[in-house]
Structures are given as structure tokens and as C-alpha cells.
Amino acid sequence: MPKSDESPLVLETRGITKRFDHIIANNNISIKLRKGEIIAVLGENGAGKSTLMNILFGLYKPTSGSILIDGLPVSFDSPRDAIAKGLGMVHQHFMLVPTLTVTQNIVLGKEPVRLGHVLYKRARRSVVELSKRYGLTVNPDARLEDLSVGLQQRVEILKALYRNARVLILDEPTAVLTPGEVEELFAVLRNLAADGTSIIIITHKLEEVKALSDRVYILRRGELVGECRTASASAAELANFMVGRDVVLAVERPAPRPKPEPIFSLESLFVHSSRGLPALKGVDLAVGRGEILGIAGVEGNGQKELCEVIAGLITPDSGKILFKGEDVSRWSVRRRMDAGMGYVPQDRRVSGLVLPFSVEENLALGRSDRPPLSRHGFMKFAALRAQALQLMENYDIRTSGPEARVSTLSGGNQQKIILAREFSRNPDFLLISQPTRGLDVGAIEYVYRRILELKERGVAILLISMELEELFALADRIAVLHGGQVVFESPTATTNEAQIGEYMIRGRYERSIS
Amino acid sequence: MIDFFAALLTPQLFEATVRLATPVTFAALAAVVCERSGVTNIAMEGVMLVGAFFAAWVGWISGNPWLGLLGGIAASALFSLLFAWAVVSLHINHVVTGAIMNILAFGLTRYLMMVFYGRQGTSEAVAKTLHHYKFAIPLLSDIPYVGPAFFNQTPLVYLSIISVFAWAWIFKRTRLGLSLIASGEHPMALETLGRSVYRVRYLAILISGVLCGFAGAFLSIENSNSFTEGMTNGRGFIALAANIAGGWRPVGVFIASLFFGFVDALQMRVQSLGIVKIPSEIFIVFPYVATIVAIAGLVRKSRPPAAVGKDFNIEGDGE
Amino acid sequence: MSVSAPRRIRMVLKALSLILAVPGVLLYLASYFWGAWLLLCAIALYAADRFLAVGSAVFGSEARKLLSRAIVPVAGIGSALLIGAVIMAITGYNPISSYGALFYGGLVRNWHISVLNATPLIFTGLAIAFAFQGGFFNIGAEGQYYIGVIAATWMGLGSTLPGIIAIPAIFAVAAIAGAALNAIPIILKVKTGAHEVVTTMMFAYVVRTLSPMFIRAHGGDPALTSHPYTTDLISESVWLPMFKDFLPGANYRLHIGVLLAIGAAFLVRFILMKTDLGYKIRAVGHNPVAAMTQGISVARITAASLFISGSLAAIAGATQVLGLDHRMFQDLNAGYGWNGISIALLARNNPIGIIFTSLLWGVLDAGGQYMARTTQTPNAIIEIVKGIILFLMLAEVIYKRAGSVFGRWAGRFKTAARKGAGA
């Protein structure tokens, strides 16, 4: 139910511009938010959404332009000012201290104190009250790190409400949630809006815009390119606006081979996490040549350990990792790579690339110690250069040259470097984790195409992704990881997002009786 | 053999244990406060040295050891502000800055030795040391072993013990403690809740400076009566080790410091007994070896604050 | 095989540049200051070669880049000296005469002492830089220096072998000893993640504390000799050759250790930049997780980096014994480990840069002593100036801020000037 235009304006920005050294992240952006309204700020990655929100929240200072609250201009020097004016923010990467309790996290920064002494009883009471009032149940004494992602997000929302937020800003709120959790979150947000809270959600997902918002602003390359009532625009129109061209989201997926010859498998694999808790509890999986097996699941259900144990960074407590008939579970990373296993890690900046190194140096990682790149321990720089130039051409890596620092490249180009490095090794098996996180649509299409090409060549691929869309676009079969176990496995053709989503949350499937 | 242990494990040994643990305790608490707030502080060695120097100097010219103590604390605090400015505001690497601060402290105290005393090595003795104010707590001090060790000491020793429990309480129950923990675990969370991480870290480093001031003053005008160049002798680093061994917790750190105090007291006692004909160096080296052993044995048991040693830069984190 | 004319010219230029540079360096180090002319000629020839190779535009931009890179160090040293002067003035010393004595003493009169000071510093600086490149902070280099001194003295006492065999053997043993001292910190680092700052520092204290036992066992007698007591002299056969042997005008104490140190700097540079090991060390230094994911054994690289670092620091000690001291002193309080940190930081871990920062430190130390003798200004002021130099060099932010203010200022000036010209 869209709010009428007569509701009072709560928040307004006029001509906000933000310039980082050379980049204009936001250019002359003006938006309006009314009481009880839900608006969406839609844009691709890098469109400037997060910058805008950080400005609204006082983390960045705008280069020019002004913010008005209740019609009066304000200036935020720090989040403190924004909070004082009734703004609350739920960040994409939660701003929660994992070692503190729920109560401590909620009251942090606005603790009830007497002489510097925190009145925890009173704090706990307000948290309980608050969560009752908004139906956001959460155990106030639990440690944050023990909660599921969905519950952690609840704590984030409670944090804002505890500060009497009248405007709630949510940055990519559904990125880490299961479909079921998304529904719950939307219900909560609708309730809040009905209660008079104004809400801004920042997202790049069209369905969410359609499902939740009253109005939508569309950002592209730092500029506001459109604004409309959600009800009056179709998803295709919005997508067009956002990308500036027609997007073909569906990829043509080659049919799975009838009976792929299995080349890689896990047999009752047990692994414990770095905190000493069981993370994988008896995982069995098998991938065949020319097959893509997708792993669905909510983050934190063992994906990290699964990647590390297959890549060889940690050793399993028990169980086998079979590759071409041999148990590789005790092999070094290097030996696995040499045998034909490859790994595209999830966080390219942390585990994929050496950011201060040049493109050519990054492309040499993992093969620097043998011909042609080096001989008897001495590097051959001409060979390094030649390899880089070739891969840059083959994989369409756009840089100022092979000696450009990787840290200066865009996310898409960084990812292409990793793909080039892994794919050019001609692996027989490839583990790919979250290959498109943070990439724009163009780059995503490219990555999909290369992955499917590899599959055509007969490579066995294990694809871990939090995005169901991605799995349904690429995988031949989908398995669901929940609580460190594979709770479900099915050919993609015979399942659907709802079913997978259900397994992701509960670990089991209850046929709804409708 | 039994005689040997009887001669060794006297009440004096335990008293000495607590006494010698005191500077390490202060410095280790300083390390806890800093590291919990996310700052790796290897500058403590130098900060302590500056504190020791100024405590001795102010104590000497004023003739009052309490003024000396204040002088030492003020100097340490000021000196540590320089560290804070470098790591928090200028975003220089914590460990590198710490190393430079130590170099600066050695140079500064050596130079001021020449300026104030006109010589190198050891300063003039203060007229009266803080050791003068030793007092026993009635009743408690009569408990065998524990009494003389903990309840017949000097004010600074009592203060170090009180500080331990005070800090345990601060971390557990107060707003300051909560802010320090958040700043060390997830600084951005604290910042987005409207509390300045810069300010919290400045405060933490300042507090650590004050605590190092106590430690330094203890060395120069409590345990001794003058300042000697380089008299901290690695205690800043031992404190860092005590902090790790104690699991970043005040009480744990206190126990670790007591352990170092005990090793130190033991080596002095064995040396003075002269029962064993072994070069004294073997004993002097005990605390350093003990540190390595403690690190080797305990380091994996606890988790350091997630953001310790990492720079925090609000706008730098953006696109 | 025909070589084109410009190429032939370039080859000649290069060869000439090298032919002039080597004796230039030797002569200058030995206080034959006219060697500087040879050096300047060599630099000019090198520049000419570069000019021919890349053309005037690139050459100009390279020169400008080099100059702009020099701005921060020069400004840092300049401001530190200025602050030092203020401190001296406040505390009642004459900064002008003090600095006059400092530079006269360090650069001219006692230049050979500056060179002698710089020699071990180059090695310890390289040691620290090598570890830094791998992401480690070998703060205990002082301890490895001591163990190098001990190893060299022990081997050198009563050695009967000819120097040509014994000297390399002594260096090898010292290097191994220095590396061995880092073994436990390496194991702790790899197995438990214990920070090397604490562990290497503790080993430094252990070695330093125990070293008097070694001295007493080899001739040092606290009762007989005055403080500080020393070991007996090592055999003359293992003393390093002196500059005087081939340049009669050189100071009699100046030994060829400095040449070894310069050689070591080039070797370290080669290892870091041109070998697979160096590449891996730098990869681990920048991002151990990515390196591990790509099959590089981080444990092995950690070990290699800290072993080599320890060896370099120990070689510093051995050079000092074989070249200068010829014995071990009790409580030598050398501070080469700490100064090595400064030098490496100042040179931004660039091995060739370390040669120059070491010389700077050597000059400050030698000049400081001369200054203290002739003007009564305490030479500890030098330590303060050094600390301030470091501080200012690392706080790039200050220069960036100052630079941007200056830039805006200059910009305003330029537009004003343009307007003026237009009108």
C-alpha cells in the first residue's frame, strides 16, 4: 500500500556529490523519503549506492550538496550525528562485535550507565521489551558469533530501533539470507513502515524492489538515472534503467552429459572449524567429467571448511577426498594443483590475489618455480611478461599493462586474473566459490560463459554459491549444505528455488499442505 | 636437597615474587588495555624508560618521591601520546612505530642524562624512595606465606594488585570496557554506533602510558633509588608476553606476571644463596627463557582481539 | 654479427661507467675524496646511456620521478636536523657550531669511522629488510649479531689455517649460528603463531646476558683488565684485509668489510627481485593467505626468510670481529640490531637504499662523537635526531597533507600569475 504524497517528508538529499581522489562516486543525487514509506535504491555494484548511504549515515562527508531532515538542513560529522537525528543503518557486512552478547551489541554506544557503570539488567530489559514490541525474537544473552546470519540481522535492526530510528537504511539486506528468511524480513519491514518508520533498502535485486518498495530510485555510475513508483514499472524496465542496456540474464546451459564418469568425490568427510567445532559432519559428494555440481546453503554451514579442505589448506579429521581414484586428503596444496585440481577462492582480495603485486606477478603465482617462468630458481622475466600478455588477451583482462598493480584494477578484472590463472592450468577438476560476488552484470555474464566453456571441455566443477539464481543458471545438479551435512541433492531440472530454500533453512523439507 | 628447598622457598622469596612482578604487572595491564582496543604496543619498553627517567629526575630535584611518581606518569603519558598520534591519526604501522618510539626513548633519556646530570650511566640518587612507605595490612599480613607476599608491601605494589581487579571490573561492567572491546574486535561497529574509534584508541594508549609510568617509576624510585640507562631491560617485551600468556585478560595477565616475578625472585635467591657454583648469567637469563616457554605453551589457548594491530581509517575503507 | 652504432655507443658508455664507478667507490670510501669526481663521471655516463636508451621524454620523467622520490627523505632529514637544533638551543648548546662539528667530523675528518660504523649496519639493515619483505619483524637482530660475534671469535681464536680458507669458513659458521638462533622463533611462529617480535627479542636478551660467560672462558678476566673486559685477540691470519694494503693513504683501521657489505646488498637485491625464492618471500609478505592458496608453503618461506635474516645479522657481527675488533668485548652495547631496524625502514627495505642510509647513520654516529669531543654537545642528541628522522619519514601523511596545501597554494599562485599575465 503506497503512501500518499501528502505524508510529511522525513529525509531529503539535495545534489549530493562525493568525489574520491579521481572517482566521482556520487554525482548530484537528490532523493526524497516520506514518513512510513519504503523506497528502494537500485543499482549495480559500483553504482554508488553504498557511498550514498555512508554519506547519509555520516561516515563520509559529501563533497557538495546537502541533507535535510524534517525539512531542515543538517550536517553529519560522524554517525553519532546521524543517529541523533533518527537514522539507523543495517550494513551489508554486519556491524556487530562477535564476542559480545546480543544485549551488549544492541546497547553499545548508548548504554544505560550510572557513573560509567553499565546497567546490564536495565539494558537487557529494554532489549527484551523491544524485541517483543516488534516481534523480533532473539535471545538477549546469546553471544553474537553463535547466532545464525538471519538472527544477527535481527540484532542489527534492533540496534537501530533501540536508538529510536525513524529512518531505517538497509544495505543489501537479503544478500546473506535464505528465501524463507527474506520473507520474514520483509514482513518485519512492512510492519515497521505501517508503524510510521521510513525505510530505504539498497539493493541490486529487482524482485526485492518489486516485492517491497513503494518507490524506487535507480543509480547508474554514480548518477541518478530514474525514479518511479514501483507499481508503475515492470522488472524489465527497471533492469534496463539499471544497466543501461537490455540484459539477457538467462544463460544457455548445455545439457548435462547422460552418465558423467566420476572423477572427484568426497567420502564421509569430517572436518572441524578453526574454532574447534565440527564443521563438516560426514559429507559425501561426487562430480563427474563435464558436470557442474552446485552447492547451495546459507553462509556459515561449512562452505568455508569445504573449500579449505578440498584446496588442501586444512586436513580432514577423517574421510577421503578422491581424485582420479587416489585419496588426496593428505596431499599438499601444490601436489593437488599439479595433479589437476584447481581452486577459485571466494574472496579474491584476501585469498586470490597479492594486491601490491603486478598483473604478471599475480599470474605467475603457483607456477613461479618451474620452467618457463624460472630456471634453477632464477626468474625469467621475459617469460613472465609473455605469459601475462597472452592471458590478458585470452581472458580480456583490461589494464594499463602487465606491470599494473592489481590493487588498481576493477573487481571484474581482478576476478578475470584469477580465472585466467586457474583455467590456463588446464585442470580436470575445479572448485569455484562465489565467482560473481561483487561483480557487475557484464562481468557476471563473462564469468558464466567461461565456466560453461570449461564444462564443455570436460572439466568437473564444484560450484559453491549463496545465490540460488546462479546455481540454477549453471549447475547440472544442486546439493544443499546445512549444518555441515549434505541434506539434499537433486538434478537441477527436477527441483525449484522454493524447495532448495526450504532445505537451506531447516535442513529438511516439509511439503506445505495448501 | 630438602634443605636446599627449605632455604629457597622462604617467605622472602614470595615477597620478592610479588614485588618483582609489579612493574611487569603494570606494563602487562597497559598491554591489555592497548591490545583490547586494537593497538599493538611494542613502544611500552620506551614509554616505561621515559617514565623511569622523569620519576627519578623529578624525585631528585623535588626531594619528594610522590612528586617523582607524578612526574614519571606525566612524562610517560605525554610520550605515549606521540605514539597514539602516529598510529591512530597518521596511520603508521603499529609495530614499526613502536620500534621507533623505543629508539627515540633511548636517545631522549641518554641526552637528558647529559643535560640534567652531566654524565652517562646512572643518575643522582633520590633522597627518599617509595620503598620507604612500605606498610603491613593488619591481620592479613599475618597469614603465613600469603601475608608477607601480598599484604606487607609498598603502596605501588598494592596499587598494581588493585589495578588488576579494577581493570577486570572495567572490562566486564563499564562503558569504557565495552568500548575498548568493541574497538579491538570490530572498530567499524563502534564507529557506526556513534562512538569514535580514534578517541577510544587515543584513550587506551594514554591509559597504557599512565600504567607504564607507574611501571617505570617503580623501577627507578621504588625498587632502586636512581635511573640507569636502559634499566627497563626488556620488561616492556616481557609484559607483552605476559599479556599473551594471560589471554588478554587482567587477572590472567596478573598470574603470568607473578610467574615472571617468581622466576626473577628465584634467580636472585639462588644467586645470593651461593649454594650452586654457576655463573650468575645463567640465572639472570631465567625470565627471558621463561617468557619463551610461556609463549610456546600458552599462545594457542586464547584468541587475540580480531582487529589488533590493524589500522582503522574511516574513509580509507571505502571504495 | 653486426652491432648498430647507437648500441655500440651504449655498450661503451656502460663499460666506462662501470670502470670509473668501481675505483671511484673504493677511493672515496678510503677517504681519497677526489674519488667523487670519478663517481660523478660514472653517474653522468650512466645517465647518458639511459638517455640514449629511452629517449628524452621518458628520461625526463624518470629523472623527475627520482627527484620527487628524494623529496621526502631530504625534507625529513632536514626537518629532523632543524628540530634537533631547536632542542639543542633550548637545552643550552650552540646548534650551529655543533652541526658544523658533526658534519666536518662525520664527512671529512673521521669519514673512515663513518664507513666503519656503516659496515655492520648495512648487514643488520639487510637482515631486517629481508625479514620485512617476508612480512616478519626480526626485532631480535641484535641477538643474532651477538651470536655472530661469538661464533667468529670462537673460530678465530687460535685458528692456524690460512685466511683464504679460514675466513670464509668463519663467515659460514657465523651465518649458521645466526640462523640457528632464529630456529625456535620460527618453529613457534609456524606452529603456534607466536609473534616473532617477542620471541626473537627474548633470544636477543638471552644471548646478550650469557655472552660474558663466553668472554670469561676465552681470556676475559673481570678482575685483571679494566672495564670492559675482552677475549684474547683472534689469530692474525683471519683478520680481514685492510684498505691500507692496496691504498697506502687509507686509515689503518679501515677494512674491506664495507665492500663485502655492499656486495651483500646487491646479492640480497638479486635474491629478492630476481629469484623464485625472493618472489615467494615477497608474495608471502604481502598476502600469506593467497600465497598458501596457490601452493606456496608459507612455513617454508617463513623459515627461509628468518634464517637468511638471522644469517645476515650474524655476518654483521663476524665482519666486525674479523675486520675491526679482532676480539669480543664485554657488554658492547652495540645497538646494531635496533639501528638496523631504523636503517631498513628509512630505506623502505630497498637493499641498495640501505647502503646509503647506513652511511648516513654512520656519519651521524662518527660526527656525533667528534662533536661531543670538540663542542661538548652530548652526542645523544644524535639518537634523538635519528628518531625524529624516522618518525618524519614514515609519517608520509604529513607530507601529503603539506604537499596538498602547498599544491593548492602553488595552484592559486599560478592562476593569479596567469591572470596577471593575461591582463
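This is a predicted model: local features need pLDDT of at least 70, side-chain atom pairs count only at pLDDT 80 or more; totals for chains, interfaces and linings use all residues.
In β23(A), I464(A) is the bridge partner of I295(A).

**The sheet of chain A**

Strand β16 (residues 292-296) of chain A and strand β23 (residues 460-464) of chain A run parallel and are joined by 4 bridges. In general, the strands of a sheet pair through backbone hydrogen bonds, either parallel or antiparallel. The open sheet to which β16 and β23 belong has 6 strands in the order β19-β22-β23-β16-β24-β25 (chain A), and its pairing is mixed. At the edges stand β19 (341-344) and β25 (485-491) of chain A, each of which has a single partner strand, so one side of each is left without a neighbour in the sheet. From one strand to the next, the twist averages 20°.

Which strands does helix α14 (residues 411-423) of chain A touch as it packs on the sheet? Helix α14 of chain A touches β19 and β22 (429-433) of chain A, and its direction makes about 175° with that of β19(A). Helix α17 (residues 497-506) of chain A also packs on the sheet, where it touches β16, β24 (477-482) and β25 of chain A, and the direction of α17 makes about 20° with that of β24(A).

**Domains in chains A and C**

The domain assignment of chain A gives domain 1 (9-243) and domain 2, which is made up of 262-349 + 428-506. For chain C, the assignment gives domain 1 (5-82) and domain 2 (93-395).

| Chain | Distance between C-alpha centres of domains 1 and 2 | Contact residues from domain 1 | Contact residues from domain 2 |
|---|---|---|---|
| Chain A | 33 Å | 10 residues | 14 residues |
| Chain C | 27 Å | 11 residues | 16 residues |

In chain A, the largest share of the side of domain 1 that touches domain 2, 3 residues, comes from helix α6 (residues 179-194). By class, the residues on that side of domain 1 of chain A divide into 4 nonpolar, 4 polar and 2 charged.

In chain C, the largest share of the side of domain 1 that touches domain 2 is given by helix α2 (residues 35-90), with 7 residues. This side of domain 1 of chain C has 8 nonpolar and 3 polar residues, and no charged residues.

**Where chain B meets chain C**

How many residues of chain B are in contact with chain C? There are 34 residues of chain B in contact with 35 residues of chain C. On the chain B side, the elements that give two or more residues are α5 (94-117), α11 (235-245), α13 (280-284) and α14 (286-298) of chain B. Of these, α5(B) supplies the largest share, 13 residues. By class, the side of chain B that touches chain C has 27 nonpolar, 4 polar and 3 charged residues.

**Confidence in the model**

The model scores ipTM 0.85 and pTM 0.86. Chain C averages a pLDDT of 88, and 91% of the residues score at least 70. Where in chain C is confidence lowest, and where is it highest? Within chain C, confidence is lowest in helix α16 (residues 396-422), at a mean of 60, whereas it is highest in helix α9 (residues 257-274), at 96.

Notes
Residues are numbered from 1 along each chain as its sequence is written. Chains are lettered from A and ligands numbered from 1 in the order in which they are written. Two residues are in contact if their C-beta atoms, placed from the backbone, lie within 7 Å. Ala, Val, Leu, Ile, Met, Phe, Trp, Tyr, Cys and Pro count as nonpolar, Asp, Glu, Lys and Arg as charged, and the others, Gly among them, as polar. Domain bounds come from an automatic or database domain assignment. Two strands pair if DSSP finds at least two bridges between them. Axes are lines fitted to C-alpha atoms, for helices over the stretch in contact, and angles run from 0 to 180 degrees between N-to-C directions. pLDDT is the predictor's confidence in each residue, from 0 to 100.
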